[in-house]
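Here are some notes to read alongside the model. Each point takes up one topic.

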Amino acid sequence: MSIRTRSLTKTYGTTEALRGVDLDIESGGIIGLLGPNGAGKTTLVEVFEGLRTPTAGEVSVMGFDPSLESVALRQHIGAQLQATHIPDGLTAFEVLRLFASFYERSVPVEDVLERVNLNGKARELARNLSGGQKQRLAIGMALIHDPALLIFDEPTAGLDPAARRQLHEIILNLKERGRTILFTTHYIEEAERLCERVVILNRGQVVADGTPLELVRSSEGKSTIFIDVDGPFDPAPLLAVGALEQERRGAHYRFSAIDSTAVIVALGEVLRSQGVTLTDMHMHRPTLEDFYLEMVDDPEVADLAVGGESEVAVRKPVA
Amino acid sequence: MSAIRGTLELSRAYLLKTMRSRSALIWTLLFPQVWLFMFALIFRNMPDGMNARMPGLFTITAFSGAFFGVAYSLVTEREQGILRRIWVTPATATMVVIGNAVRSLVMVAASLFMQGFLARMVLGVNFGPAVWQVAVVLVFGVWAFVPLGLIMGSAAKDMRSAPAISNLIFFPMVFMSGAALPLDMLPGWLQGFGRMLPTTYLVQALEGVMVRGEGLSQQGLPLAVMLTSGFIAFGFNSLLFRWESTQPLGAKRVGTALAGLTLLYAIVALVT
């Protein structure tokens with residue numbers, strides 16, 4: 001077990017940043033921590049890093065209590081902080097060499113530079129690196145002692161798509177090497193692409209926790225079906241199986257439905273019986289973003305129905 | 001072992017950063033030389049001229065270099081989040097403090113060496129019977145001043161407040177210690193206050209070895225005061241160090257540090 005929390009609470013004055021967070025994170029894999037601004041994501045990861053002391057509750061990271069055993073813990077975790085400046089009067093090589101010296105064991109600086117695609121920038125002053133290169137250097141600083149657990153706070157924030165893609169590759173490589181990566185992000189598609197597991201925080205509480213697919217399946221959202229037909233078409237049989245007609249423009253129709261499969265099956269029969277030709281069709285299923293917006297827009301949402309044996313946990317806020 | 005290696009690497013990194021910063025080099029190395037020639041102009045008609053003023057100038061150079069250099073560096077690194085990033089490693093506050101202190105010691109030593117060299121070669125200043133004694137006394141002075149800069153660097157919240165607070169400390173240290181003006185030009189009560197400042201003891205010891213031709217053994221009291229002051233102030237650094245400005249400093253901690261140092265100098269002032 002990499003991380004375990006029970007009833008974790010953190011307050012700043014009268015503000016409750018974390019309100020009874022229960023979380024178990026097993027070793028290995030990529031876990032995304034999503035949530036709107038002020039949801040408590042950064043506070044939560046800073047508690048894991050030993051930078052914040054919880055007000056109440058239990059927390060264990062790699063078997064250590066971050067508040068009491070922070071120095072020992074930090075030998076085993078690598079962190080990339082949100083909005084951290086790198087010592088800019090040093091070269092990329094010198095920055096990594098400095099950070100390597102803080103740990104009992106470290107990997108050669110050259111290896112880390114290669115892992116974060118900065119081999120050609122070793123002698124470049126940090127201040128002269130581009131935004132993406134600086135961010136990769138920040139990731140390199142977290143990798144210098146080859147830790148088992150990596151905690152990244154918005155590692156791709158403000159980067160262009162190419163730079164983000166490069167960071168994604170680095171994160172996926174880390175996963176292949178058996179590391180556990182916990183990262184916060186505002187990019188839903190990034191979490192959907194990279195993470196085996198997504199945890200959504202809202203107002204200091206975990207409101208959803210599961211694989212991206214499980215979370216999408218538990219969404220209340222409807223699929224949208226677009227069809228173009230050639231010939232006289234009566235959509236009544238589709239409405240009978242739960243489709244709602246949203247738009248009709250000439251031969252173009254748009255329907256929404258919770259059970260999109262039933263509508264597709266009915267559509268096949270309708271086309272045959274009415275002798276109509278289907279000229280185009282596509283469907284938009286609910287995405288993780290739709291689910292995310294459901295969760296953070298309505299924090300009072302409680303115990304959504306979760307089908308089958310899904311392990312997804314949709315939690316009811318306690319307050 | 002990683003603590004020693006980390007401290008050495010931090011010291012090295014801080015020095016590299018300073019050496020690559022043009023403004024840091026100008027203020028640390030060049031500016032004190034400007035002061036040297038300004039002093040030479042101002043005091044050229046006074047008895048014993050620069051020979052009498054050199055202890056005061058060395059004190060100003062040592063104090064400003066050690067105090068401002070360390071204080072501003074810590075505040076800037078905290079504001080930029082660099083200290084915070086170091087905080088999530090196993091590095092300790094002591095390592096950061098020592099790294100900063102070493103950088104400051106090296107830079108102030110280089111600055112004093114340049115000033116001394118120019119003073120001797122260009123202005124013909126007399127350094128007394130033994131130059132090494134001057135160097136030893138300066139080491140004691142810098143030892144006393146660096147931790148004061150570190151305390152300042154921890155106490156000041158940001159670069160908006162740091163210059164105001166440090167000037168509040170710098171001017172009394174320079175003008176009431178005999179460093180900028182001869183001490184006997186000040187009223188008696190101010191001279192008494194001056195005996196509560198660490199800079200006064202560096203001026204005294206330097207005047208002893210440079211102007212009065214005394215040996216180190218006759219500088220026992222000022223050297224002991226500076227040595228003790230340095231130990232006490234370094235001790236308080238671990239009490240006051242902040243990785244980020246949102247960490248509370250605690251009025252009790254600041255009070256304890258100030259009270260400790262004030263007590264030391266008050267006792268010495270009363271004894272002398």
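**Notes on the predicted model**

1. Helix H10 (residues 220-240) and helix H11 (residues 251-271), both of chain B, have axes that come within 10 Å and cross at roughly 175°. The model is a predicted one. Two packed helices are described by the angle between their axes and the distance between the axes. Angles over 145 degrees count as roughly antiparallel, so H10(B) and H11(B) are roughly antiparallel to each other.

2. Which residues of the two helices meet? On the side of H10(B) they are Leu221(B), Val225(B), Thr228(B), Ser229(B), Ile232(B), Ala233(B), Phe236(B), Leu239(B) and Leu240(B). On the side of H11(B) they are Arg253(B), Val254(B), Thr256(B), Ala257(B), Gly260(B), Leu261(B), Leu264(B), Tyr265(B) and Val268(B). Sorted by type, the residues of this contact of H10(B) with H11(B) are 13 nonpolar, four polar and one charged.

3. The next topic is the contact between the chains. Chain B puts 23 residues into it and chain A puts in 30 residues. About 2600 Å² is buried between chain B and chain A, and carbon and sulfur atoms give 58% of that area. In chain B, the residues that lose the most area to chain A are Arg85(B), Val88(B) and Pro90(B), which together make up 28% of what that side buries.

4. Side chains of opposite charge can pair when their charged atoms come close. The rule finds four salt bridges across the interface of chain B and chain A. A salt bridge joins the side chains of Arg97(A) and Glu9(B), at 2.9 Å from N to O. Between chain B and chain A, nine residue pairs are in polar contact, with both residues at pLDDT 80 or more.

5. Where does the side of chain B that touches chain A come from? Helix H1 (2-19) and helix H4 (82-87) of chain B each supply at least two of its residues. H1(B) gives the largest share, nine residues. By type, that side of chain B divides into 10 nonpolar, five polar and eight charged residues.

6. Over all chains, the salt-bridge count comes to 23. The side chains of Glu189(A) and Arg164(A) meet in a salt bridge at 2.7 Å, N to O. This pair links distant parts of the chain, 25 residues apart: Glu189(A) lies in helix H7 (residues 188-194) of chain A, and Arg164(A) in helix H6 (residues 161-176) of chain A.

How values were computed:
Residues are numbered from 1 along each chain as its sequence is written. Chains are lettered from A and ligands numbered from 1 in the order in which they are written. This is a predicted model: local features need pLDDT of at least 70, side-chain atom pairs count only at pLDDT 80 or more; totals for chains, interfaces and linings use all residues. Side-chain values use heavy atoms; hydrogens and water are left out. Axes are lines fitted to C-alpha atoms, for helices over the stretch in contact, and angles run from 0 to 180 degrees between N-to-C directions. Helices (H or I, at least four residues) and strands (E, at least two) are DSSP runs, numbered from the N terminus. Angles under 35 degrees count as roughly parallel, over 145 as roughly antiparallel, 65 to 115 as roughly perpendicular and the rest as oblique. Contact means heavy atoms within 4.5 Å. Ala, Val, Leu, Ile, Met, Phe, Trp, Tyr, Cys and Pro count as nonpolar, Asp, Glu, Lys and Arg as charged, and the others, Gly among them, as polar. Buried area is the accessible area (1.4 Å probe) that two parts lose on being put together, summed over both. A polar contact is a pair of N or O atoms within 3.5 Å; within protein, one must be able to donate a hydrogen and the other to accept it, and residues adjacent in sequence count only if both atoms are side-chain atoms.
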